[in-house]
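This report goes from the overall chain to two of its residues. The sequence and structure come first.

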Amino acid sequence: MAQLVVRNIEDTVVSRLQRRAARRGVSAEEEHRRILRDALLPAPGNAARTLKDYLLEMPGGGDDAAFVRPQARARRVRL
């Protein structure tokens, strides 16, 4: 088994990891392993998730009108 050392983690991240582990009754190290497995390995019987799968799970961004670019206006150019 390989070992993984993660440096320069913010104190708030470590604290949240420890609280999450405590709620689940496991060590912070075990919770870290679980998080990595869930993020990187497909669940048994499930195909690997693609970027498309993640994007399709995102909530809607609202009306497309919010992303319409204003029509470019012609401007006078001096040569």
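Helices (H or I, at least four residues) and strands (E, at least two) are DSSP runs, numbered from the N terminus. By that rule the elements of the protein chain run α-α-α from the N terminus on. The radius of gyration (taken over C-alpha atoms) is 23 Å, well over the 12 Å that the globule rule (2.2 Å times the number of residues to the power 0.38) gives for 79 residues, so the protein chain is more spread out than a compact globule. Its C-alpha trace spans about 70 × 35 × 25 Å along the principal axes.

This is a predicted model, in which local features need pLDDT of at least 70 and side-chain atom pairs count only at pLDDT 80 or more, while totals for chains, interfaces and linings use all residues. Residues are numbered from 1 along each chain as its sequence is written, and side-chain values use heavy atoms, with hydrogens and water left out.

Buried means under 20% relative accessible area, exposed over 50%, and partly exposed in between (1.4 Å probe, protein chains only). Of the 79 residues, 4% count as buried. Two residues compare as follows.

Leaving aside neighbours within four places in sequence, Glu31 is in contact (heavy atoms within 4.5 Å) with Leu17, Arg20, Ala21, Arg24 and Val26.
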